[in-house]
Amino acid sequence: MADENKKILPIDYTKRDFAGIKEELTQVAERFYPESFQDFSEASFGSMLLDAVAYVGDQMSLYLDYNVNESFLDTAQQKSNILRLGKSLGYKDKGMPSTFGQVALFAMVPASTTGMGPDTDYLPILKRGSTLSTKSGLKFTLIENVDFAAIGNSVVVAQTNSQTGTPTQYAIKAYGNVVSGNFVRKEILIGGFQKFLKVRIPAGNVSEIISVTDSEGHEYFEVDYLSQDIVFKEIQNKNFKNDNVPSILKPTLVSRKFTTLRDNAFVTLQFGSGKTGATNVVADPQSVAVDVFGKDYVTDTTFDPSRLSENESLGIVPSNTTLTVVYRTTNPSRSNVAVGGLNKVMSPDVLFTDRPSLSNAKVNTITTSFEVINERPIVGDTSPPTAEETKRRIYDTFPTQNRAVTQADYENLVYRMPAKFGSIKRVSIQRDPDSQKRNLNLYVISEDVYGNLIETNSTIKNNIKTWLNNYRMINDTIDIMDPYIVNLGIDFVVKSNQGADKFEVLNGCINTLTAKFKQKHFIGESISISEIYNILGKVTGVLDVQKVQLNNKIGGSYADTNLDIRKNLSPDGGSLVIPKNVIVEIKFPTSDIKGKIK
């Protein structure tokens, strides 16, 4: 009879925690094994066995729930899993963003023999790739040649002869653009042929791959996906003097290519599966462009250039060679720099027009005289997006399909701009209400070295404009603009429970609101006053929230934008309505969030 009862044993599959599993096991033991186990006290051996089984069951339930949750984008919480799931929807992690800015460079040049102006033979060119740094050790690289002989440079007398008063040294001021990080050259030994070879760059914080070549002189090109065969190469324009265009973009069919895979802060180069000397690395255009089936005609269909990639190799894999990889690493910490923070020339690469005819002593003096200062903040590095923000960007990536039509498409593409071109904290695009055409206003905002909102510099704006030109509709015109920054403060009054420590309650309220507003708002996002009431009401020790008031902070370290709080309240007073070209910020939470307790 007992065997029959065991066969119809009811199992409650909803009991999956420690207490529930132990309770079910206890009932089974008491019901079906009353003679074998009778002592179920806390100190008994039977209780120990039940605790052990319940513990294992609870652990298995936990890991089962975790694995299931992390397998779906909606429920995943771990950043690495979210990025992994995002790859299947076309989202690629940008890595650490770069910062861009303009710097003022100074050089001391000897005066001419007459003393009237600097000696033009000694006017230097500070070459692209020269390294600059801050006092804290953040490195920056010059991304263009700075010619101190250029028209428009400021020239002032720096030193004079103490007896005659004739100038002996002139100080010349020129401007150049810099990017965070520095260039690194690394040689990597490659063994025998291996399909879909992966080569990991032995360095962290890699921002971009500059070039990849092997010991035979072959160049490998970076592509978004290994199925892509067309890249645009920069060719020197021989007709530069006539049309004033220094370079020409030429589409080139390449068989040596790679794509980059990012894992946390590291970068891996992945190649295809073609072997050197193979004949099917690139498909034969005749076999894919023309339908030849014994007919003397072809159907009038649209030619698809991507069919040239219909091969099994996906590019040649390097083998038995040495790869020379040139890449740029960005700084391990945030690379935003305040005004005057970039003030050291580390490794100047100097060029003179006629170096052999110049004095070595004077050249050395000029080389050691270089100074640098950034007159405006260097921005572009932003705090990493939260897990929820990353999910939102992934969701917007899939319908975008590499074209910009809707508002979400434009915003997603700006967020997806490669890290080597810089990064912005928030973006919003709106149709210009004053335009009769389809003119769009793209609002972007960045962060400074302290994590506060700041206007985006012109370099990053130009990069955004170039980036969007590849995806925007041909009849869309875009103006990239700065949104107005409104700094707000919060004043509140709460009543504590009887017997509660008022100091701890007040401190808990301020800390809770600080954590709430730590993440920056979006451009045009309204402030819910009702939500602030709700947040304060849930703080331990708070009996009632009696008052919440927003106030506009202006002047000094705050932005100059004035927002009328009363006029912009919703009809029910439950939220502060923010215009579409405005972003709000609580800049100094420790002083901008104030409270009283009763």
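This is a predicted model: local features need pLDDT of at least 70, side-chain atom pairs count only at pLDDT 80 or more; totals for chains, interfaces and linings use all residues.
Close-up 1. Residues are numbered from 1 along each chain as its sequence is written, and side-chain values use heavy atoms, with hydrogens and water left out. The largest cavity holds about 50 Å³ of space, a volume being the space filled by probe spheres set on grid points that are joined across faces, edges and corners. By class the lining divides into 7 nonpolar, 1 polar and 1 charged, with Ala, Val, Leu, Ile, Met, Phe, Trp, Tyr, Cys and Pro counted as nonpolar, Asp, Glu, Lys and Arg as charged, and the others, Gly among them, as polar.

**Close-up 2. The second largest pocket.** The second largest pocket has a volume of about 740 Å³, a pocket being an open set of points with protein on both sides within 12 Å along at least five of seven lines. Of the 30 residues that line the second largest pocket, Lys-79, Leu-83, Asp-93, Gly-95 and Pro-384 are the closest to its centre. Helix 4 (79-87) gives the largest share of this lining, 5 residues, and the lining as a whole divides into 9 nonpolar, 8 polar and 13 charged residues. Helices (H or I, at least four residues) and strands (E, at least two) are DSSP runs, numbered from the N terminus.

**Close-up 3. Helix 4 against helix 8.** Helix 4 and helix 8 pack at an angle of about 0 degrees with their axes 10 Å apart, the axes being lines fitted to C-alpha atoms over the stretch in contact, and angles running from 0 to 180 degrees between N-to-C directions. The two helices are therefore roughly parallel to each other, a term for angles under 35 degrees. Lys-79, Ile-82, Leu-83 and Gly-86 of helix 4 meet Ala-387, Thr-390, Lys-391 and Ile-394 of helix 8, contact meaning heavy atoms within 4.5 Å.

Key. On a 1 Å grid over the protein atoms alone, a cavity is a set of points where a 1.4 Å probe fits but cannot get out, and a pocket is an open set with protein on both sides within 12 Å along at least five of seven lines; lining residues have an atom within 4 Å of a point. Angles under 35 degrees count as roughly parallel, over 145 as roughly antiparallel, 65 to 115 as roughly perpendicular and the rest as oblique.
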